[in-house]
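Good morning, everyone, and thank you for making time for this short talk. Please have a look at the sequence and the structure on the screen before I go on.

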Amino acid sequence: MFDHFKITVQSGKGGDGAIAFRHEKSIARGGPYGGNGGRGGSVYIQSSKDVESLASFNFRQHFFATDGENGKTKLCNGKDGKDVFVIVPVGTIVTDELGHLVADLDKDGERVLVAKGGRGGRGNACFKSSTRRTPNIAENGAPGVKKILSLELRLLADVGLVGFPNAGKSSLISAMTNAKSLVASYKFSTLEPVLGVCFCNGKTDRFVIADIPGLIEGASQGKGMGYDFLRHILRCRIIAHCIDPTDKEHGSIEESLLAINKEIDDYSQEFEHKKHVIVFTKMDLVEDRTEIDSFIQKHKKEYPIFETSCLDPVSLDKLSTALLQIVREEEASESKRRFLNDEKEVVYSAKDFDNGQIPDYQIIQDAEGRYVIQGERVIRTKRLINLSTDEGLDRLIEYLDRIGINERLRELDAQPGATVLLDDFEFEYQP
């Protein structure tokens, strides 16, 4: 199953502003005439119920938006770059390179901006003022953003069937829904999760069941199907432990339950907060109920426990009705928790974008004796200034002086004529 991929996204660069002047015979002192650059295209990730898996990303992992067009003369602005929409299945989780959550797309049509296009630069017409009638200055477009993101698909199901191989999960989902899960007498007949819809009350109510591939010891460390299936039950509201009471390969019923719980708890602490139920399968093959009755007596207050057989429609109807009720209770509980969490709204200012810190600059001296100015904000500002004109150079020097670069160089005992390097721009220090 194609359920985990890494992709590269890059937004477009903003177009550069134009430096132009109006030169027409009948119009004296035409003034600045340069238009603004267009905005670079952005990259969005959007969920769609029409997409079932991440299989398409097996052939394409790079998504680049187009750059904005440069500004033109006659006050003509450049065209914006085209946005790119990456379509993923509902249930996709997006994380960045550090593993931080970017988006959890669990509803159809949800959209998240993952790489914003660069702002278009202003043309020289924007810099006209009462004291600067013919500005020979413009801005460069802001660069785009490049990111490597991880896409992970987690199935959206109300009930997840977990258990050892041949525990009867495939037979159970096939009997309760129209899902065509492979049923066979050998282990690991299910190689990828299978979804089925269970209808109740004359098909007026329904819930979704997921048949998860068989669990083995060490799955939480990646053995067997390992992570390939454990990630999918993270989204299930209810974990249904399917136990075959006739299976003696994995020890007693108690030992089977403990082994299953250990693997899912070792994988994620989230399972501690989910609703768990016990489903005994293949009850038509049971001859001695002693161990089952003892288990029920011990755990009846801890878990809802059900006895089923695919040959007994009454037991399946009883299980379906009970699971539907538990699903509705869990949905109501989730809505209540979501409402309480939404009240704690956190508002971030624009200064919080750089990992919660205002980006600052520092000046270091390299091996060649040059003073190198470092800092995300100062480099970003420099790249926005068009340095092809004298006014552009003056604007950069004015900005550096305003943020205290000259004062800092004096503190470092920089001598007149010393070389100062900012990004790819080199100049001499003159106090």
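This is a predicted model: local features need pLDDT of at least 70, side-chain atom pairs count only at pLDDT 80 or more; totals for chains, interfaces and linings use all residues.

Residues are numbered from 1 along each chain as its sequence is written, and side-chain values use heavy atoms, with hydrogens and water left out.

Which side chain does R237 meet in a salt bridge? The partner is E331, at 3.7 Å from N to O, where a salt bridge is a side-chain nitrogen of Lys or Arg within 4 Å of a carboxyl oxygen of Asp or Glu. E331 lies in helix α5 (residues 313-342), whereas R237 sits in the loop between α2 (227-230) and β12 (238-243), so the pair ties together parts that are 94 residues apart in sequence. Helices (H or I, at least four residues) and strands (E, at least two) are DSSP runs, numbered from the N terminus. E331 is also partly exposed, at a relative accessible area of 25%.

Now please turn to K382, which is buried, with a relative accessible area of 7%. K382 forms a salt bridge with D423, the closest N and O atoms being 3.3 Å apart. Since K382 belongs to helix α6 (residues 376-384) and D423 to the loop between β17 (419-422) and β18 (425-428), this pair ties together parts that are 41 residues apart in sequence. The side chain of K382 also meets that of D424 in a salt bridge, at 2.3 Å from N to O, and this pair too links distant parts of the chain, 42 residues apart. As for accessibility, D423 is partly exposed at 27%, while D424 counts as exposed at 62%.

Taking the whole structure, a search finds 23 salt bridges, and R119, R122, E139 and R395 are linked in a network of them.

Finally, let us consider T8, which lies in strand β1 (residues 4-10) and is buried, with a relative accessible area of 11%. Leaving aside residues up to four places away in sequence, T8 touches Q61, H62, F63, F64, K146, K147 and I148, where contact means heavy atoms within 4.5 Å.

Methods: Buried means under 20% relative accessible area, exposed over 50%, partly exposed in between (1.4 Å probe, protein chains only).
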